[in-house]
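Reader: Could you take me through the features of this entry, giving the general idea and then the case at hand?

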Amino acid sequence: MLSPKSLIDRRIRSLFPILLYSILILAVARLVLDNLKSKQSHLSRLYGMSSGGRNRLPVIVLPEERIEEGCNVFEGRWVWDNVSYPFYEEESCAYLVKQTTCKKNGRSDSFYKNWRWQPHGCNLPRFDPLKLLHMLRDKRMMFIGDSLQRGQFESMICLVQSVIPEGKKSLQRIPPMKIFRVEEFNASIEYYWAPFIVESISDHATNHTVHKRMVMLDSIAKHGKHWQGVDILVFESYVWWMHNPFINATYGSPDKVREYNVTTAYRLALKTWANWLESNIQPLTQNVFFMSMSPTHLWSWEWKPGSDENCFNESYPIQEGSYWGTGSNLEIMKILHDSLQELKIDVTLLNITQLSEYRKDAHTSIYGERKGKLLTKEQRANPKSFADCIHWCLPGVPDTWNEILYAYLLNHQNFS
Ligand SMILES: *[C@@H]1O[C@H](CO)[C@@H](O)[C@H](O)[C@H]1NC(C)=O
Ligand SMILES: *[C@@H]1O[C@H](CO)[C@@H](O)[C@H](O)[C@H]1NC(C)=O
Ligand SMILES: *[C@@H]1O[C@H](CO)[C@@H](O)[C@H](O)[C@H]1NC(C)=O
Ligand SMILES: *[C@@H]1O[C@H](CO)[C@@H](O)[C@H](O)[C@H]1NC(C)=O
Ligand SMILES: *[C@@H]1O[C@H](CO)[C@@H](O)[C@H](O)[C@H]1NC(C)=O
Ligand SMILES: *[C@@H]1O[C@H](CO)[C@@H](O)[C@H](O)[C@H]1NC(C)=O
Ligand SMILES: *[C@@H]1O[C@H](CO)[C@@H](O)[C@H](O)[C@H]1NC(C)=O
């Protein structure tokens, strides 16, 4: 017969393991919860959503994320890197138009996605989409130019969109604009169709042809009013000028159309653009970039003497020596150089021509569009006439342009 005391003892003793377990379970649960909480606050801190989402954290730029002084990031080489590249896949980015989705359009080789641009003198910072969104908080970034610039715009959206939850991002088409909005950051990445930067008869977002061009060399106001106040402006204009050595244009008198030598016309257009910048840009709060010409690979004899093709069936970049195709007009480059020198405000030139020259493998070739439609089987069988050696597949070369743009934006952080 047990005494009441020992009975209680035994009860306590038998309870003990249960108690122990409960404590353990509680402790584990607590641990998991705490962990979750701290993870969540870590995430929301990163993502900037905590308590109303209006807490502004300064963007911290690590020393290794700065472009080393004196390093020219545009001089370098392409290195094989199928571990870090591509940053995204066609299938994971719903915003790509069919002009750039080479794989979906039938391209079977995929090496073109796996090259990393390695500057000779330093490293590019790793593209961090969240960091970019923090830099873009309450800001607008706009890409202005032709379809090549649209490719860069789409690349940028694809680079950032994966870190934004569904329902918190949207793409709106308001021709000639496209606007990608990131709700939690009150940020937007935008595109504005203006193939000549200045006004022209090709300004309709879809109804335009390079065969009929007429440019108003001294008119920009219709476009400019949409660019006003935009925090980061990224301009580009080249290939539409180059269709023919002469171009119909007006200058001075709006009714007097005459033919201009393209180099003269380009210079006058950049002058009009420069005047607009000088009277509309606040250099302390607005950042202006200009993308140098995107090269074309229309004549394979330029990199493969004796051949008579184009960029079709090219699977590797040019990796030895320096290569510069005749499609990248040095006279136009000089005009661009001089125009930027004369400008009273700072415009950062992203001189991506040379690095893109090496990428004869990365164009859409027969896996793109012609007049808004994918190539037919018959057209594909005739790459000499139908390969597109102007536009680029995505993921691809425009991602690198954006990595460089990102690096410059990071670099500008401490100055603003
Ligand atoms: C990456 O490239 C290396 C070297 O060419 C190759 O051996 C490897 O299989 C590739 N990995 C993937 C995941 O494609
Ligand atoms: C949202 O961003 C725009 C600029 O894109 C800015 O004018 C506006 O003040 C921002 N809104 C808030 C609530 O900060
Ligand atoms: C396209 O523009 C031209 C004039 O620039 C016009 O004649 C034609 O009707 C337009 N086509 C469509 C489909 O709107
Ligand atoms: C300029 O316009 C005229 C009249 O439409 C045309 O005949 C000529 O070919 C055009 N010139 C160029 C360089 O496009
Ligand atoms: C256009 O003008 C430049 C000099 O301004 C000259 O070098 C070039 O040959 C001219 N092009 C044509 C097609 O006349
Ligand atoms: C593409 O190039 C490879 C060699 O690099 C060649 O064997 C093949 O026949 C070419 N394909 C076409 C369709 O020209
Ligand atoms: C861009 O770089 C190339 C060399 O890659 C150079 O020839 C050209 O002058 C540069 N352009 C400008 C505007 O500085």
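Author: What follows treats the sheets, a ligand shell and some backbone details in turn. The model is predicted, so local features need pLDDT of at least 70 and side-chain atom pairs count only at pLDDT 80 or more, while totals for chains, interfaces and linings use all residues. Residues are numbered from 1 along each chain as its sequence is written, chains are lettered from A and ligands numbered from 1 in the order in which they are written, and side-chain values use heavy atoms, with hydrogens and water left out.

Reader: In what order do the seven strands of the open sheet lie?

Author: In general, strands of a sheet pair through backbone hydrogen bonds, either parallel or antiparallel. Here helices (H or I, at least four residues) and strands (E, at least two) are DSSP runs numbered from the N terminus, and two strands pair if DSSP finds at least two bridges between them. The seven strands form an open sheet with mixed pairing, in the order β4-β5-β6-β3-β9-β12-β13. Its edge strands, β4 (169-174) and β13 (348-350), each pair on one side only, and the twist averages 15 degrees from one strand to the next. Within this sheet, β3 (residues 140-145) runs parallel to β9 (residues 232-235) and is joined to it by four bridges; M142 has L233 as its bridge partner in β9.

Reader: Which helix packs on that sheet?

Author: Contact means heavy atoms within 4.5 Å, and angles run from 0 to 180 degrees between N-to-C directions, with axes fitted to C-alpha atoms, for helices over the stretch in contact. Helix α3 (residues 147-161) packs on the sheet and touches β3, β4, β5 (177-182), β6 (187-193), β9 and β12 (287-291), its direction making about 165 degrees with that of β6.

Reader: Why is one side of β7 and of β11 left without a neighbour in the sheet?

Author: These strands belong to an open sheet of four strands, ordered β7-β8-β10-β11 and with mixed pairing. Because β7 (199-200) and β11 (253-261) stand at the edges, each with a single partner strand, one side of each lacks a neighbour in the sheet. Strand β10 (residues 246-251) runs antiparallel to β11 and is joined to it by five bridges, with Y251 standing opposite S253 in β11. Helix α5 (residues 262-280) lies across β10 and β11, at about 130 degrees to β11.

Reader: Which residues are around ligand 2?

Author: A residue counts as near a molecule if one of its heavy atoms lies within 4 Å of it, and the residues around ligand 2 are D138, K139, R140 and N186. By class, with Asp, Glu, Lys and Arg counted as charged, this shell has no nonpolar, one polar and three charged residues. For polar contacts, which are pairs of N or O atoms within 3.5 Å, an oxygen atom of ligand 2 is 2.4 Å from an N or O atom in the side chain of N186, and an oxygen atom of the ligand is 3.4 Å from one in the side chain of D138.

Reader: Which peptide bond is cis with omega near 5 degrees?

Author: That bond runs from P175 to P176, and P176 is found in the loop between β4 and β5. The bond from Y85 to P86 is also cis, with omega near 0 degrees.

Notes: Polar contact = N/O pair within 3.5 Å; in protein donor to acceptor, adjacent residues only side chain to side chain.
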